[in-house]
Amino acid sequence: FKPRDRSASERTKATELRALAFAATEADAGVLAQATAIAKGVRFARELGNLPPNICTPAYLGEQAQKLAAEHAGVTCEVLEEAEMKKLGMGALLGVAQGSANKPRLIVLQWNGAAAGDKPYALVGKGVTFDTGGISIKPSAGMEEMKFDMCGAAGVLGAFLTAVELKLKLNLVCVVPAVENMPGSNAQRPSDVVTTMSGQTVEVLNTDAEGRLILCDALTYVQKYQPQVIIDAATLTGACVVALGKHASGLMTTDDELADQ
């Protein structure tokens, strides 16, 4: 295991591919630039997903987003912490997070590649950095794979990075609700009632149905940007694998034309 944040001296000692050359013409430069940008996004998403959960916590995801913004001109990043989310009334997200010692984050990245008045596209990704199921705890067999419950977040962060690398002429906002779902002494209980940012109340019957709770507050939050399109990505439920297998993803939409794209 090699953490992506290891020091420069450690990276120097490691055996790494230092250069990759392509025999191509100037006409191919655009294609290569596009492929490189896509590969950077894929690599970023893959590395985040593969990290162990004691490293890839909600705070760590926030730090990586801030680092991305610092390294790319035109990108802004805001990371909301627990107190700020309480002020916004994000009771659903905070209810999921309250059983963990690792406090939640709401990560907001923006890229403005178009005119200021153009409505943005919005990406929202589920970021449960480890999902025990909470009080409705999962079986121990296979629980190690629950570090992947933030791969929706990893995917939208990778897509955002690719868009920035390509300098796409559009406005883009990326929102990641990042939490850990743990059965701590302060964890939410089955039959708890939480109030979402939109003002609706939700009775929690199974604390392992946490993805929809954190996403509903994130989806309400992102509406402040008046996006023309919202795409959210999530490892939402194992029922999708039962229905479709391991080589297809489920897609639900209110806009068939958008889905066809």
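The numbered points below cover the cores, selected helices and residues, the surface and the charged pairs.

1. The structure is a predicted model. Residue numbers run from 1 along the chain.

2. The largest nonpolar core. This core comprises 29 residues, and Leu48 and Phe160 have the most contacts inside it. At least two residues each are supplied by helix H2 (29-50), helix H3 (58-71), strand S1 (75-80), strand S2 (105-112), helix H6 (151-165) and strand S5 (171-181). H6 gives the largest share, namely eight residues.

3. Phenylalanine 160. With neighbours up to four places away in sequence set aside, phenylalanine 160 is in contact with Leu68, Val75, Leu109, Gln110, Trp111, Leu123, Leu172 and Cys174.

4. The second core. A separate nonpolar core holds 25 residues, among them Ala97, Val204, Ala218 and Val222.

5. Two positive phi angles. Just after H6, lysine 167 takes a positive phi of about 50°, although this residue is not a glycine. Lysine 167 belongs to the loop between H6 and S5. Its relative accessible area is 59%, so lysine 167 is classed as exposed. Serine 191, also a residue other than glycine, has a positive phi near 95°. Serine 191 is placed in the loop between S5 and strand S6 (192-195) and is partly exposed, with a relative accessible area of 47%.

6. Helix H7. Helix H7 (residues 211-222) contains 12 residues, and the distance from its first C-alpha to its last is 16 Å, close to the 16 Å expected at 1.5 Å a residue. Buried positions in H7 are Gly211, Leu213, Ile214, Leu215, Asp217, Ala218, Tyr221 and Val222.

7. Tyrosine 221. Is tyrosine 221 buried or exposed? Its relative accessible area is 3%, and because the cut-off for a buried residue is under 20%, tyrosine 221 counts as buried. Apart from residues up to four places away in sequence, tyrosine 221 touches Glu78, Leu80, Leu88, Met90, Leu106, Val108, Val175 and Met197. The C-alpha atoms of tyrosine 221 and alanine 153 are separated by 16 Å, the two residues being 68 residues apart along the chain.

8. Leucine 88. One of the residues that tyrosine 221 touches is Leu88, which is located in helix H4 (residues 82-88). Leucine 88 is partly exposed, at 33% relative accessibility. Not counting residues up to four places away in sequence, leucine 88 touches Leu80, Met197 and Tyr221. Serine 198 is 110 residues from leucine 88 along the chain, yet their C-alpha atoms are separated by 9.7 Å.

9. A nonpolar surface patch. Which residues form a nonpolar patch on the surface? The patch is formed by Leu17, Leu20, Phe22 and Leu32, with about 470 Å² of accessible area together. Leucine 32 sits in helix H2 and, at 31% relative accessibility, is partly exposed.

10. Side chains of opposite charge can pair when their charged atoms come close. The structure has seven salt bridges. One of them joins the side chains of glutamate 165 and lysine 40 at 3.4 Å, N to O. This pair links distant parts of the chain, with glutamate 165 in helix H6 and lysine 40 in helix H2, 125 residues apart. Glutamate 165 is partly exposed at 26% relative accessibility, and lysine 40 is partly exposed at 38%. Glutamate 47 and arginine 43 meet in another salt bridge, at 3.1 Å, N to O. These two residues are separated by about one helical turn because they are four residues apart in helix H2.

11. Further charged contacts. Aspartate 131 and lysine 138 also form a salt bridge through their side chains, at 3.6 Å, N to O. Aspartate 131 is buried, at 2% relative accessibility.

How values were computed
Predicted model: local features only at pLDDT ≥ 70, side-chain atom pairs only at ≥ 80, totals over all residues. Heavy atoms only, no water. Core = buried A, V, L, I, M, F, W, Y, C linked by side-chain atoms within 4.5 Å. Buried < 20%, exposed > 50% of the residue type's maximum accessible area, 1.4 Å probe, protein only. Contact = heavy atoms within 4.5 Å. Patch = residues over 30% accessible without salt bridge, like charges linked within 9 Å, V, L, I, M, F, W, Y side chains within 5 Å. Areas by Shrake-Rupley, 256 points an atom, 1.4 Å probe, with all protein chains shown as cover. Salt bridge = Lys/Arg side-chain N within 4 Å of Asp/Glu carboxyl O. Expected span 1.5 Å × (residues − 1).
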